[in-house]
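Please go through the structure shown here with its backbone geometry and strand arrangement in mind.

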Amino acid sequence: MKPLLLSAMLLAAAAYSNAAAQKPDFGQDRTISLWDNSTAPHSNGLKGEELLSDPKRIANTVHAELFVFDADPRKSTGQSVVICPGGGYEMLAIGHEGREVASWLAENGITAYVLKYRLPNGHPEVPSEDAAEALRRVREDAVARGADPHKTGIMGFSAGGHLAACLSTLAADGDKPDFAILFYPVISSEENATHKGSFDNLLGRERTVEESEKYSLEKHVTATTPTTLLLLSDNDTGVPPAGAAAYYSALKRHGVPAAMTVFPTGGHGWGFNDWFEYKSEWQHLLLRWLKRLE
């Protein structure tokens, strides 16, 4: 190998390692540490440094944290939202499905908590227990801030939407969020409605039918599932809209107040990106929906 090429590769590797070792700074006001693989109830089996490959993506997560974006006090609604970024349960798209959304919510009076959850690596209980602990800690934080702990919701994108829906359906009633907002969520294990990669990463490729059905969340909606807003695109070929539609139908069968908007285009994974032509529409819809919950 040529010396110049070798030197360049070593420098790149060193820069990547340094980025991974640094504490992530996403412009948050505060950081709340939850736990890591050595202190949490379960481990995901991952080891080594977390991999922050760029400001928008993080992988190999072994330490659960909340990045807190405090509400503008002049506009405060008293609401709190835990945000679960997507990434197929393989990495976290913590930029356009995390900190950028959180900053915007805070500007509009909603305290936002971006959850850096531990990836499952075939251990499905791990992200769920991170989300449950996050919700508990956010409610404690709301009390400390003088806000109403019963105005605490959860938001999720893609696989993060699956995580948010897990907490909305599989958690004990007292541990569920007060409302949920699901962007183009992974919901179902059914063939025409699933995202295989997310289920592979959550449960492993050798999963049983019973394991898949446990996390096919349209089958676990009850009357105590929280009121939910779903936002998605009709032409999403990454995560079929049929899963979200089945979840919405289940909510209505159980008498749960819900709303769903399906945009005609946009595909999958638009999040807070400016290229999504309906960005201003979903922002308006979301703030109006939250206003009705105050």
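S158 counts as buried because its relative accessibility is 6%, where buried means under 20% relative accessible area, exposed means over 50%, and partly exposed lies in between, with a 1.4 Å probe and protein chains only. The residue sits in the loop between strand 7 and helix 4 (159-169); helices (H or I, at least four residues) and strands (E, at least two) are DSSP runs, numbered from the N terminus. Phi of S158 is near 55°, a positive value in a residue other than glycine. In sequence S158 and P264 are 106 residues apart, and in space they are 18 Å apart, C-alpha to C-alpha.

N121 also has a phi near 55°, positive although the residue is not glycine. Its place is in the loop between strand 6 and helix 3 (125-145), and with a relative accessible area of 42% N121 is partly exposed. Most residues other than glycine have a negative phi.

## Basis of the model

This is a predicted model, in which local features need pLDDT of at least 70 and side-chain atom pairs count only at pLDDT 80 or more, while totals for chains, interfaces and linings use all residues. Residues are numbered from 1 along each chain as its sequence is written, and side-chain values use heavy atoms, with hydrogens and water left out.

Which residues of strand 5 are buried on each of its faces? On one side these are S80, V82 and C84, and on the other V81 and I83, so that both faces are covered. Because 5 of the 5 residues of strand 5 (residues 80-84) are buried, the strand is largely enclosed by the rest of the structure.

Strand 5 pairs in the parallel sense with strand 6 (residues 111-116) over 4 bridges; the bridge partner of S80 there is T111, and V82 stands opposite Y113. From strand 5 the chain crosses through helix 2 (residues 95-107) to strand 6 in a right-handed β-α-β crossover, meaning that, with the strands pointing away from the viewer, the path from the first strand over the helix to the second runs clockwise. Strand 5 is also joined by 5 bridges to strand 7 (residues 152-157), again running parallel, and in strand 7 the bridge partner of C84 is G156.

## An enclosed cavity

The structure holds 1 cavity of 30 Å³ or more, a cavity being a set of points, on a 1 Å grid over the protein atoms alone, where a 1.4 Å probe fits but cannot get out, with lining residues having an atom within 4 Å of a point. The largest cavity has a volume of about 30 Å³, and its lining consists of Y184, P185, L232, S233, D236, V239, P240, P241 and A244.

Key
Pairing = 2+ DSSP bridges. 1 Å grid on protein atoms, 1.4 Å probe; cavity = no way out; pocket = protein on both sides within 12 Å on 5 of 7 lines; lining within 4 Å. Points joined across faces, edges and corners; volume = space filled by probe spheres on them.
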